Amino acid sequence: MTAFILRRLWQMLPTLLGVILLTFFLFNFVGGDPAYLLAGKISSPEQIANIRTQLGIDQPVYVQLWIFIKQVMSADFGVSWSTNEQVSQIIATRIGPSLTVLVPILIIETVLSVALALGVAYVRGSLTDRSIMIVCTIAMSVSLLVYIIVGQYALAYKLGWFPVQGWGESFSENLLRFSALPILLGVAVGIAPNTRLYRTFFLDEINQDYVRTARAKGLSENTVMLKHVLRNALIPIITNLMIYLPGLLIGHFLIERFFSIPGIGREVILAVERSDFPVIKAITIYVAIATMFANLLADVLYKLVDPRVQLK
Amino acid sequence: MTLLQTDNTMTRHDTLLSVRNLRVSFRLDKHTLFDALKGISFEVAREQTVALVGESGSGKSVSSLAVMGLLPKDNASVSPDSEILFAGCDLLRLDPAAMRQMRGREISMIFQDPMTSLNPLFSVGSQIAEVLRLHKGMNRSEASRRAIALLDEVGISDPGQRATSYPHQLSGGQQQRVMIAMAIACEPKLLIADEPTTALDVTIQKQIIELVANLRRKHGMAMLWISHDLAVVGEIADRVVVMRSGEVRENGSTQDIFENPQDAYTRALLLCHPPLDARPRRLAVIDDYVDGTGPSAENRINVQRGSSPNDTPLLEVTGLCKNFEFREGLFGKRVLRAVKDVSFTLHRGKTLGLVGESGSGKSTVGLTIMRLHQATAGEIRFEGKNLLAMSPREQMPFKRRIQIIFQNPYASLNPRFTVGDILMEPMRIHRIGANDAEREKLSLTLLDRVGMPALTFRKYPHEFSGGQRQRIAIARALSMQPDIVICDESVSALDVSVQAQVLNLLQDLQDEFKMSYLFISHDLAVVKYISDRVMVMNQGEVVEVADSDEIYRSPQHPYTQNLLHSIPRGWQHPQ
Amino acid sequence: MTNPATYHPSPGLWVLAWRRLIADRIAVISMIVVAAFLLLTAGSMSGLIAANWNDEVAIGYAKPGFVAEPKVASRNTAAQVGPVVAAENPPGRVIDPLATELAELRASLGQKVGSGGTAPAAGVPPVGLDLGDIKVIDPIAKEFADALAEAQAEGRKERVDTLPFGADKWGHDVILKTIKGSETSILVGLAAALVATVIGTLLGAIAGYYGGWIDDFFNWFYNIFTAIPYLLLILAIAAVLNQKGVTTIVLILGLTGWTGIFRLVRAEYLKHRSREYVQAADAIGASNFRRMFVHIFPNVSHVSLVQLSVHAVGFIKSEVILSFLGFGVPVDKVSWGSMLGEAQNELILGYWWQLAAATLAMAVLVTAFSMFTDALRDALDPKIK
């Protein structure tokens with residue numbers, strides 16, 4: 001196990017280096033000269049040159065790259081171009097609100113869609129199964145923007161069941177008052193695609209030989225589904241969840257934006273709108289690292305659930 | 001008659017299972033119904049072993065699933081006038097809950113592939129315990145103690161330790177023993193075994209057959225044994241039901257079926273498989289019996305095979321090694337030595353048989369000669385030139401001269417190519433024939449030679465049966481006029497009657513074109529029939545080489561002796 | 001060569017798949033729907049339909065409906081006079097987009113030329129007259145005249161106050177706007193899916209077929225792209241590119257979206273390269289290129305085809321979000337995303353129709369497309385072979 005984790009950490013290094021190179025390339029070459037962006041439309045050549053020196057982009061490329069790597073290593077990305085706040089400070093304060101919304105969405109959505117998927121897999125091929133699948137397809141076809149716009153308008157603005165937006169200081173108020181509608185909408189958006197996906201996982205398992213053996217033992221259909229099929233289908237479900245976890249951090253940015261939740265996702269949007277490169281760069285690198293660790297965690301969990309997996 | 005069979009004089013002949021007029025059809029799509037069983041009837045008496053024998057599509061497995069009530073609910077339907085009486089109660093009319101009480105307790109089943117039939121996520125002990133807790137009402141600790149005892153009974157060493165193992169940690173034979181332990185856990189009255197040894201090596205097959213037969217006698221169970229292999233059935237069954245295309249062709253005692261078969265199809269089946277004690281010029285095929293009375297006298301004449309001092313060497317392999325490497329640990333790697341220092345000579349116009357069990361490295365040898373795998377060490381000299389030292393360009397002219405016919409006829413033909421494309425592509429690459437018109441002509445000649453109609457040319461592989469596809473694969477190999485053909489389990493996936501036809505074809509082609517064959521197979525009877533010399537491999541090494549009659553008459557190496565001893569012999573007349 | 005009597009062209013696997021597809025009723029219906037949308041897109045691209053979506057044919061936020069109410073009818077009459085006496089109309093009902101500019105222009109011109117100092121609020125002066133006076137002095141006179149004429153033509157148009165699907169803030173017909181929006185969204189979705197599929201298939205084929213260090217290299221590449229969450233990558237690229245346009249967004253989506261296809265195609269190639277038919281092709285001396293593209297590709301192309309379809313749906317959805325955020329298509333283009341962006345504010349005011357139209361159009365297309373994709377997957381399923 002330790003050897004496996006060490007090997008995986010070792011294998012992360014080239015990927016991390018690649019992410020750094022990609023980010024560096026993107027922000028220093030694709031986008032043109034950042035100095036012009038920062039200086040604005042009207043500025044004298046002296047001002048530009050001044051900013052170039054400040055940013056260090058008058059240096060040779062390898063020096064700039066080295067500076068960037070040092071920034072990554074020391075987790076110090078300088079200050080935001082638009083607010084002058086420390087980038088590390090920005091990220092540290094935005095994680096909490098994001099998780100307050102994200103974790104409940106993830107848990108509720110997963111439990112509900114696993115239950116629903118197991119149910120429709122149980123009655124596979126029936127009218128119920130087909131109707132639910134068609135409803136899921138239609139539900140997936142409506143843009144998540146519409147869910148949020150209409151949900152916020154109808155449930156908060158018109159009916160007044162929830163606050164339209166806002167964020168407070170106390171965790172319980174944030175979770176129970178301000179996050180309730182965002183969580184509800186997040187679950188509503190995620191449940192259809194997940195149910196469809198998990199249903200295919202269950203159907204894959206139902207056709208396996210060991211399910212036939214379980215039936216040949218005389219087990220009831222409930223035991224077959226809840227014990228044998230569910231346990232096996234959990235493997236792809238867990239893998240799937242872990243891999244998409246860091247993506248969700250960003251994925252719910254629309255919810256954060258609409259409900260003015262000061263999270264990572266909203267911060268990304270703001271930074272993109274303001275061309276605030278240090279913030280985008282930092283978030284990109286951190287989320288990439290988080291993704292790599294989530295993948296490692298997925299592999300370890302995989303080992304715990306599936307005895308066949310050899311962690312060498 | 002073997003010790004495995006029931007002594008008829010001692011058996012009480014009251015019926016346990018009675019299948020009457022069983023009709024099962026499958027809905028393939030909206031407009032097509034496929035009649036898998038067309039009204040079959042047979043009976044199983046208490047403590048008796050009845051075998052259902054037939055080729056693929058005969059409906060033998062569907063019959064067993066119907067008895068278990070495990071037919072797929074969504075597309076299978078059983079005709080309302082069918083009956084399956086088990087101890088006087090009609091299983092087709094039981095409600096689902098009562099049927100579940102039958103399964104695992106009164107009737108239990110073992111399947112063909114033990115690896116996939118066991119749940120990979122539960123320890124084997126808990127999977128056995130599950131059935132005990134369900135039907136015997138045992139608590140957790142009682143059930144797991146009993147599971148260990150059962151594992152001991154089915155011959156698993158260190159059962160206490162093994163009960164905590166997961167299926168993937170066991171060998172195929174051990175997995176099948178676990179399945180058997182699970183099946184006998186509740187002392188059922190009827191045990192259904194659906195091809196339980198087909199996925200296993202011949203030596204393991206022998207152990208499993210003996211185990212099941214002894215357990216059957218000890219527990220006084222009746223058994224329904226489903227198999228395609230008459231030789232196995234002849235050893236274990238008391239009665240044999242021969243099936244074909246959803247119908248029963250013949251039903252009789254094992255002795256009658258083997259010694260005095262009434263049905264033409266039964267007779268053909270018995271003779272299609274190459275016998276160990278004779279080598280007729282041609283093997284019998286179904287048509288011989290369906291049309292007339294059997295193969296012509298001249299085809300029954302035994303032929304002599306073997307090496308002679310006049311043979312000219314064509315391919316000389318010396319010190320061939322092949323290692324496969326796997327990454328392991330932080331920087332480590334594991335090396336699997338699949339082929340270890342193998343040397344042999346293949347002579348012009350002769351057949352060298354290569355036998356071994358799974359993992360013996362026999363197929364790797366063939367693929368390495370083709371350079372489909374890169375050899376780790378050794379030399380392969382073809383007409384004196386080392387193939388392994390050649391660049392791909394230098395090898396091109398030699399590539400044409402060594403061809404291969406694979407095991408799986410469904411995988412070896414590109415499904416997106418027409419048969420014409422499949423046959424003409426090699427000719428285009430090797431510039432055989434001046435233009436496509438000429439190549440088409442050549443292809444049609446080849447198709448005719450392997451017994452396929454000219455219409456085949458424009459069709460796609462999916463329209464043909466396994467045997468027909470294998471003929472097309474042979475035609476493709478022939479299109480390059482090779483000197484050597486490597487047959488890598490080329491007839492193993494085929495039904496026994498089709499296998500005989502393909503073996504006859506291969507023999508005819510060798511006589512006509514004087515090709516050399518390297519014939520790789522796990523089936524000792526087939527190898528003995530077709531080969532001049534036989535090479536036995538075990539765990540990557542050659543253990544014995546000799547003329548084929550010699551090796552079967554007096555095997556020298558203990559491994560070879562064990563292998564030969566394990567071949568099922570079929571029905572032996574009581575002395 | 002072949003005797004015609006014995007010539008039986010036999011159906012290949014593609015033909016069989018097609019037959020399975022058209023035997024499926026849902027597949028046929030969804031194909032028709034998707035085809036209808038594609039026809040609309042083609043028509044809108046070629047200017048046959050919805051070319052005039054930008055015309056302000058109705059009053060701002062005209063309600064959806066077919067029959068005008070009496071009260072509205074009177075306003076309608078007012079609207080007809082409107083352009084002539086624009087200033088008399090209540091503000092917000094009929095807006096002459098050039099009125100203020102016109103006045104300013106006229107005022108400034110009046111100072112320079114010294115003729116007709118007052119901006120004619122009621123009635124437009126004869127163009128020829130002004131033209132004659134100004135032409136000598138001011139070079140912008142021509143444009144001014146054109147603008148006047150245009151304003152006149154524009155102003156004379158009847159402005160209705162109900163449309164089948166209502167109108168937006170400027171009085172654009174929502175139906176035409178939705179059609180034009182479909183064009184952008186569908187084009188972006190299909191083009192980006194094509195880019196992603198080509199990249200993913202090509203890289204996947206090379207990595208899966210060759211294996212070894214080539215595979216390692218492409219996997220490294222794949223790991224980098226998947227380590228950064230997809231949306232974040234898109235937003236980061238959108239941030240640096242800072243130039244909007246259909247090509248830009250197609251490239252952003254296509255260049256970041258190939259990873260899923262790469263993974264699937266690579267797995268297929270890994271599986272197929274050790275299949276016996278490929279080994280047989282090796283045995284007959286077929287080159288690597290031939291094995292990769294002539295032998296294996298037709299057998300894995302169904303994966304790419306299904307993925308093309310899956311990604312087209314996904315990219316249509318992504319484009320909507322990007323355009324909504326303002327990182328997508330430029331402002332002069334309309335897409336479902338930009339419509340939703342406008343609709344967000346309109347909804348608070350109770351103007352729900354633009355939201356409904358864009359949502360409905362997208363939902364119908366995406367549902368049909370998804371169902372078609374499912375049917376396509378089933379029809380191409382190699383398990384049936």
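Reader: In which helix of chain C does S309(C) lie?
Author: This is a predicted model in which local features need pLDDT of at least 70, side-chain atom pairs count only at pLDDT 80 or more, totals for chains, interfaces and linings use all residues, and side-chain values use heavy atoms, with hydrogens and water left out. Residues are numbered from 1 along each chain as its sequence is written, while chains are lettered from A and ligands numbered from 1 in the order in which they are written. Helices are DSSP runs of H or I with at least four residues, strands are E runs with at least two, and both are numbered from the N terminus. S309(C) falls within residues 288–325, which form helix α13 of chain C.

Reader: Is S309(C) buried or exposed?
Author: Buried means under 20% relative accessible area, exposed over 50%, and partly exposed in between, with a 1.4 Å probe and protein chains only. Beyond its neighbours within four places in sequence, S309(C) is in contact (heavy atoms within 4.5 Å) with F369(C), F372(C) and T373(C). Because its relative accessibility is 5%, S309(C) counts as buried.

Reader: At what angle do the axes of α7(C) and α10(C) cross?
Author: Axes are lines fitted to C-alpha atoms, for helices over the stretch in contact, and angles run from 0 to 180 degrees between N-to-C directions. Helix α7 of chain C spans residues 174–210, and helix α10 of chain C spans residues 246–256. Their axes come within 8 Å and cross at roughly 40°.

Reader: Which orientation class and which handedness describe α7(C) and α10(C)?
Author: Angles under 35 degrees count as roughly parallel, over 145 as roughly antiparallel, 65 to 115 as roughly perpendicular, and the rest as oblique. A crossing is right-handed if the near helix is turned clockwise from the far one by less than a right angle, and left-handed if anticlockwise. The pair α7(C) and α10(C) is therefore oblique, and the crossing is right-handed.

Reader: How many nonpolar, polar and charged residues does the contact of α7(C) with α10(C) have?
Author: From α7(C), the residues T184(C), V188(C), A191(C), A192(C), V195(C), A196(C) and I199(C) take part, and they meet V246(C), I249(C), V250(C), L253(C), G254(C) and L255(C) of α10(C). By class (Ala, Val, Leu, Ile, Met, Phe, Trp, Tyr, Cys and Pro nonpolar; Asp, Glu, Lys and Arg charged; the others, Gly among them, polar), the contact has 11 nonpolar, 2 polar and no charged residues.

Reader: Which residues of α14(A) meet α5(A)?
Author: Helix α5 (residues 87–122) and helix α14 (residues 277–305) of chain A pack at about 55°, with their axes 10 Å apart. They are therefore oblique to each other, and α5(A) passes α14(A) in a right-handed crossing. On the α5(A) side the contact uses V87(A), I90(A) and I91(A), and on the α14(A) side P278(A), V279(A), A282(A), I283(A) and Y286(A).

Reader: How many helices and strands does chain A have?
Author: The C-alpha atoms of chain A fill a box of roughly 85 × 55 × 35 Å along the principal axes. Of its 312 residues, 48% are buried. The secondary structure of chain A comes to 14 helices and 0 strands.

Reader: What share of the contacts in chain C with a separation of 6 or more comes from residues 24 or more positions apart?
Author: Chain C has 15 helices and 2 strands, and buried residues make up 48% of its 385 residues. Among contacts with a separation of 6 or more, residues 24 or more positions apart account for 76%.

Reader: Which residue of chain C does P426(B) touch?
Author: P426(B) is placed in helix α16 (residues 419–429) of chain B and counts as buried, because its relative accessibility is 0%. M480(B) is 54 residues away in sequence, yet the two C-alpha atoms are 6.7 Å apart. Not counting residues up to four places away, P426(B) touches R476(B), S479(B), M480(B) and, in chain C, I284(C).

Reader: How far apart in space are S25(B) and K38(B), C-alpha to C-alpha?
Author: S25(B) is found in strand β1 (residues 15–27) of chain B and is buried, with a relative accessible area of 11%. Its contacts beyond four places in sequence include L33(B), F34(B) and N75(B). S25(B) and K38(B) are 13 residues apart in sequence, and their C-alpha separation is 8.3 Å.

Reader: What is the relative accessibility of H219(B)?
Author: H219(B) lies in helix α8 (residues 202–219) of chain B. H219(B) counts as buried because its relative accessibility is 18%.
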